[in-house]
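Me: I would like to learn how to read a fold from its strands, helices and loops. Where do we begin?

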Amino acid sequence: MGAGLQGRAVRIWREARVRSELVAAGALLARRGLIRHAEGNLSCRLDPRHVLITPRGVAKGLLTAPDLVLCEVGQAPPAEASSEAWLHLEVYRRIPLVAALVHAHPPALLALEHGGGQVPDPRDLQEGELLVGSVAFVPAYPPGSRELAQACAVALTESPVAVLSRHGVVAWGHDLGEALARVEAVELLAAVGLAGREAGR
Ligand SMILES: [Zn+2]
């Protein structure tokens, strides 16, 4: 097999693998109750310029591999891409080491933030410190807006996780597994934070 043909085969194989990983990740988030129906969005970088992202308006627990939408970093996303595609693409553009991004609406995290603007504290759990390190806070901007995309990308240059006011969480990873693990870790930290707040009353 020639070098060009071999490179193309590797790209096709990699894209197929990433598509099936995103489908499995959507199902996991739905099963864990971290997203409901069409909420949330996920993406993975295929190469420095290309990203696969979940489609808008589709339940992430019921995705199939062909549903995922190919986007180009630095370009407007296709209409069928997630409503938060601008956010994802802006993070990939600004932070070259980001390989995957997950946006979810975890219930304990929303409850913690709702009851006093608190964000999960990674120091509450050893694993939280190791996996998350720090959590940024992004004030309320309209969902899907370029302003939200900019604010999120800036916040995620400092922390791997950002809580979006009255909305949810965004986490990136060096791979999809790490981004998912961070979303699950902040939800557990939020549950611990809520329990601590209850006990303190
Ligand atoms: Zn959302």
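This is a predicted model: local features need pLDDT of at least 70, side-chain atom pairs count only at pLDDT 80 or more; totals for chains, interfaces and linings use all residues.

Me: How are the elements named, and when do two strands pair?

Reply: Helices (H or I, at least four residues) and strands (E, at least two) are DSSP runs, numbered from the N terminus. Two strands pair if DSSP finds at least two bridges between them. Here, strand β1 (residues 41–47) and strand β2 (residues 50–53) are antiparallel and share four bridges. Aspartate 47 has histidine 50 of β2 as its bridge partner. A two-residue hairpin links β1 to β2.

Me: Which strand does β1 join through four bridges, running antiparallel?

Reply: That is β4. Leucine 42 sits opposite valine 102 of β4. Cysteine 44 has alanine 100 of β4 as its bridge partner. Alanine 100 also has a partner in β7, glycine 173. β4 and β7 run antiparallel, joined by five bridges.

Me: What is the strand order in the whole sheet?

Reply: Read it as β3-β2-β1-β4-β7-β6-β5, seven strands in an open sheet with mixed pairing. β3 and β5 (135–138) are the edge strands, each pairing on one side only. From one strand to the next, the twist averages 20°.

Me: How do I read burial along a strand?

Reply: Count neighbours. A residue is buried if 20 or more other C-beta atoms lie within 10 Å of its own, exposed if 12 or fewer, and partly exposed in between; C-beta atoms are placed from the backbone. In β4, five of the five residues are buried, so this strand is largely enclosed by the rest of the structure. Ala100, Val102 and Ala104 point one way from β4, Leu101 and His103 the other way, and all are buried. β1 is mostly covered, with five of its seven residues buried.

Me: Which strands does α2 touch as it packs on the sheet?

Reply: Contact comes first: two residues are in contact if their C-beta atoms, placed from the backbone, lie within 7 Å. Axes are lines fitted to C-alpha atoms, for helices over the stretch in contact, and angles run from 0 to 180 degrees between N-to-C directions. α2 touches β1, β2, β3, β4 (100–104) and β7 (168–173), and its direction makes about 145° with that of β2. α5 lies across β5, β6 (161–164) and β7, at about 160° to β5.

Me: At what angle do α2 and α5 pack?

Reply: The angle between α2 and helix α5 (residues 146–158) is about 40°, and their axes are 8 Å apart. The crossing is right-handed; a crossing is left-handed if the near helix is turned anticlockwise from the far one by less than a right angle, and right-handed if clockwise. Trp86, Leu87, Glu90, Val91 and Arg94 form the α2 side of the contact, while the α5 side includes Arg146, Leu148, Cys152 and Leu156. The contact residues are eight nonpolar, two polar and three charged. Ala, Val, Leu, Ile, Met, Phe, Trp, Tyr, Cys and Pro count as nonpolar, Asp, Glu, Lys and Arg as charged, and the others, Gly among them, as polar.

Me: Which residues touch the most other members of the largest nonpolar core?

Reply: A nonpolar core is a set of buried Ala, Val, Leu, Ile, Met, Phe, Trp, Tyr and Cys residues joined through C-beta atoms within 7 Å. The largest has 60 residues, and Cys152, Ala162, Val169 and Val186 touch the most other members. Helix α6 (residues 176–200) gives the most to this core, eight residues. Leaving out residues up to four places away in sequence, alanine 162 touches Ala136, Val138, Cys152, Ala155, Leu156, Val169 and Val170.

Me: What should I look for in the loops?

Reply: Check phi. Most residues other than glycine have a negative phi. Histidine 37, in the loop between α1 (3–31) and β1, has a positive phi near 45°. Arginine 166, in the loop between β6 and β7, has a positive phi of about 55°.

Me: Why does histidine 37 count as exposed?

Reply: Histidine 37 is exposed because 12 other C-beta atoms lie within 10 Å. Arginine 166 is exposed too, with 11. Alanine 79, in the loop between β3 (69–72) and α2 (85–94), counts as exposed with 9 C-beta neighbours inside 10 Å.

Key
Residues are numbered from 1 along each chain as its sequence is written.
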